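Reader: Can you walk me through this one? Keep it quick.

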Amino acid sequence: MENTSYKKDQVFISFRGRDERFGFLTHLKQKLIDGNVNVFTDDNVTGQPLQNLFGHIRNSRIAIVIFSENYAESHWCLEELVEIKKCLETEKLSAVIPIFHKVQVSSVREQSGIFGEKFLALQNSLLAKEVTAKKIRRINSKIKKWRKALEIVTGMAGLTYDNNSPELAFVDKVVEKVNINLANIAAGEGRNTTPGTSKSNDLKPLSRAIRRTVSDLDYRDQVGLSPFERVMVQKNAEIPTVDAVMAQEQAEISTVEAVKVQEQVENQQSIENVPEKKKRWPNLPFISALLVGALFVSYMVRRKRRSKGTAELNLPLQATANLF
């Protein structure tokens, strides 16, 4: 079944104009457009309120954030980043691709170096304009949201520009990553489509975990996985061959037999190490003394009884003698 009314997924690009508008962004945007990717930047809302940008972020499927040295000096860049984070949490955005262009991942994540200096200067300028405690609290709350958005987005799988490599080659890597994510989104929604086509074939929808899969995790510093990245990244398990399965089963059987042999050896050693119980009589000298004492007492009792019996026997004899 074909759906000719399918609208191409929109890719939103957040960037600092003074750093990227006439350089890297120009090459990237043109390359995506040449590949028939629907790209949106603030150039598309010239003459409109900047708040309209938030609506275009919510209508996008992928957001590209180009971090540069002066990105954090822009109040609106940071507000875009907060909106991107919200759309990622509510799943309006299917993927966010951070690009670290001539700036280190750690500098953005920790707001250090030149990036951190620009961020601090923006904070100080905003706080200097406020005199009431309520407005100061509001600014501090906004700064806290900026920091959280920087933490979340820099934790996503992105690409870091190597100053030693050609910039156009790096542009190709970004375009490739965008195309991979667009293909994943289409497959997850049952659309067999690629950038540059307006037709869609119905497929069996995939699970949300697969729809949120982000491929190509290379080309960036190893900074660990964020909570969102752990949800979005799912490695495909390799299907083992028959030989591998048989080898695994044989290894398991060998392991079980080895364990049984070891248990038999240990049981035999346990039996041999049990000390032999020897029957020993208690202390013989002590028993001998008790027996001697008992015999002596018995002898004395018997002797006393004999003496008493002899005395009683002599009394009638004496009485009889007196009669004569």
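Author: Here is a short tour of the sheet, the salt bridges and the surface.
Author: This is a predicted model: local features need pLDDT of at least 70, side-chain atom pairs count only at pLDDT 80 or more, and totals for chains, interfaces and linings use all residues. Residues are numbered from 1 along each chain as its sequence is written, and side-chain values use heavy atoms, with hydrogens and water left out.

Reader: Sheet first. What's the strand order?
Author: The order is β2-β1-β3-β4-β5, an open sheet of five strands with parallel pairing. Strands are DSSP E runs of at least two residues, helices are H or I runs of at least four, and both are numbered from the N terminus. Two strands pair if DSSP finds at least two bridges between them.

Reader: Which strands are at the edges?
Author: β2 (38-40) and β5 (159-160). Each pairs on one side only.

Reader: And how many bridges join β3 and β4?
Author: Six, in the parallel sense. Strand β1 (residues 10-14) and strand β3 (residues 62-67) pair over four bridges, also parallel.

Reader: What does Val 65 face in β4?
Author: Its bridge partner there is Pro 98. Ser 14 also stands opposite Val 65 in β3.

Reader: Is β4 mostly covered or open?
Author: Mostly covered: six of its six residues (95-100) are buried. Buried means under 20% relative accessible area, exposed over 50%, and partly exposed in between, with a 1.4 Å probe and protein chains only. Ala 95, Ile 97 and Ile 99 are buried on one side of β4, and Val 96, Pro 98 and Phe 100 on the other.

Reader: Switching to salt bridges. How many are there?
Author: The whole structure has 13. The criterion is a side-chain nitrogen of Lys or Arg within 4 Å of a carboxyl oxygen of Asp or Glu.

Reader: Which partner does Arg 61 have, and at what distance?
Author: Glu 189, with the closest N and O atoms 2.5 Å apart. Arg 61 lies in the loop between α3 and β3 and Glu 189 in the loop between α8 and α9 (208-211), so the pair ties together parts that are 128 residues apart in sequence. Arg 61 is buried at 17% relative accessible area, while Glu 189 is partly exposed at 36%.

Reader: Which residues are in that network?
Author: Asp 9, Arg 61, Glu 189 and Arg 191 are linked by salt bridges.

Reader: What about Glu 83? Who does it meet?
Author: Arg 58, at 2.8 Å, N to O. Glu 83 sits in helix α4 (residues 75-89) and Arg 58 in helix α3 (residues 52-58), 25 residues apart. Glu 83 counts as buried at 10%; Arg 58 is partly exposed at 37%.

Reader: And Lys 148 with Glu 151? How far apart in the helix?
Author: Three residues in helix α7, so about one helical turn separates them.

Reader: Last topic, the surface. Which residues make the positive patch?
Author: Lys 134, Lys 135, Arg 137 and Arg 138. Lys 135 is in helix α7 (residues 133-154) and is partly exposed at 40%. Patch residues have over 30% relative accessible area and no salt bridge; like charges are joined within 9 Å, nonpolar side chains (Val, Leu, Ile, Met, Phe, Trp, Tyr) within 5 Å. Lys and Arg count as positive, Asp and Glu as negative; His and chain ends are not counted.

Reader: Which residues form the nonpolar patch?
Author: Phe 296, Val 297, Tyr 299, Met 300 and Val 301, with about 460 Å² of accessible area together. Areas come from the Shrake-Rupley method with a 1.4 Å probe. Val 297 is in helix α12 (residues 284-323).

Methods. Charge placed at Lys NZ, Arg CZ, Asp CG, Glu CD.
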